[in-house]
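Me: I am new to this structure and would like to understand the words used to describe it. Please take me through them with care.

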Amino acid sequence: MAYYQGQPQGPPPGGDQQFLWNVFQRIDTDRSGAISANELGQALSNGTWTPFNPETVRLMIGMFDRDNSGTINFQEFAQLWKYVTDWQNCFRSFDRDGSGSIDKNELKNALTTFGYRLSDRFYEILVRKFDRQGRGTVAFDDFIQCCVVMQTLTSAFRQHDTDQDGWIQIGYEQFLTLVFNLKS
């Protein structure tokens with residue numbers, strides 16, 4: 001059994017949890033009881049899920065690292081697993097042609113469904129920004145990164161949009177502070 005911060009971190013009861021515990025133990029190669037970004041990145045590139053770029057792995061560790069240890073324990077990993085599985089299902093529902101990637105129109109459909117109302121030009125910018133393969137489409141891990149970045153920026157914007165009218169007025173240094181303080 002692995003330990004984390006002095007406390008046993010075995011799997012909670014249940015069949016799915018035992019499966020996740022087995023996956024967790026395979027990923028936790030140093031047997032520390034926690035998964036680092038390097039371990040998660042290695043596991044993702046070895047086919048546990050589809051390969052993820054290092055930035056997406058870092059974002060995911062940061063999102064689920066509740067104790068700010070720089071790693072995720074089993075409970076955090078179980079949340080991450082559900083998150084990625086939910087994103088896979090979401091991604092597949094918007095990948096209308098089953099290509100394994102999302103084009104501009106499919107991305108627009110997804111983000112519109114999530115409540116965003118953006119211009120076609122902005123969707124072109126998003127595809128260029130998150131298309132690491134240069135094919136004019138967004139792969140699964142880049143889709144997650146795009147959505148996380150959009151959500152993070154939206155949350156930061158809303159903190160300054162006190163009257164919720166979609167407009168903020170900030171100075172240049174405030175803008176820089178806002179962007180550089182984002183947890184992403």
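Me: What makes the contact between the side chains of K82 and D86 a salt bridge?

Reply: This is a predicted model, in which local features need pLDDT of at least 70 and side-chain atom pairs count only at pLDDT 80 or more, while totals for chains, interfaces and linings use all residues. Residues are numbered from 1 along each chain as its sequence is written, and side-chain values use heavy atoms, with hydrogens and water left out. A salt bridge is a side-chain nitrogen of Lys or Arg within 4 Å of a carboxyl oxygen of Asp or Glu; K82 and D86 have N to O at 2.7 Å, so the pair qualifies.

Me: Where do K82 and D86 lie?

Reply: Both lie in helix α4 (residues 74-94), four residues apart, about one turn of the helix; a helix here is a DSSP run of H or I with at least four residues, numbered from the N terminus.

Me: Why is D86 called partly exposed?

Reply: Buried means under 20% relative accessible area and exposed over 50%, with partly exposed in between (1.4 Å probe, protein chains only); D86 has 37%, and therefore counts as partly exposed.

Me: How do you know whether D141 is buried or exposed?

Reply: D141 has a relative accessible area of 2%, so it is buried.

Me: Which residues are linked with D141 in a network of salt bridges?

Reply: R132 and D142 are linked with D141 in that network: R132 pairs with D141, the closest N and O atoms being 3.0 Å apart, and the side chains of R132 and D142 meet at 2.8 Å, N to O.

How values were computed. Helix = DSSP H or I, 4+ residues; strand = E, 2+ residues; numbered from the N terminus.
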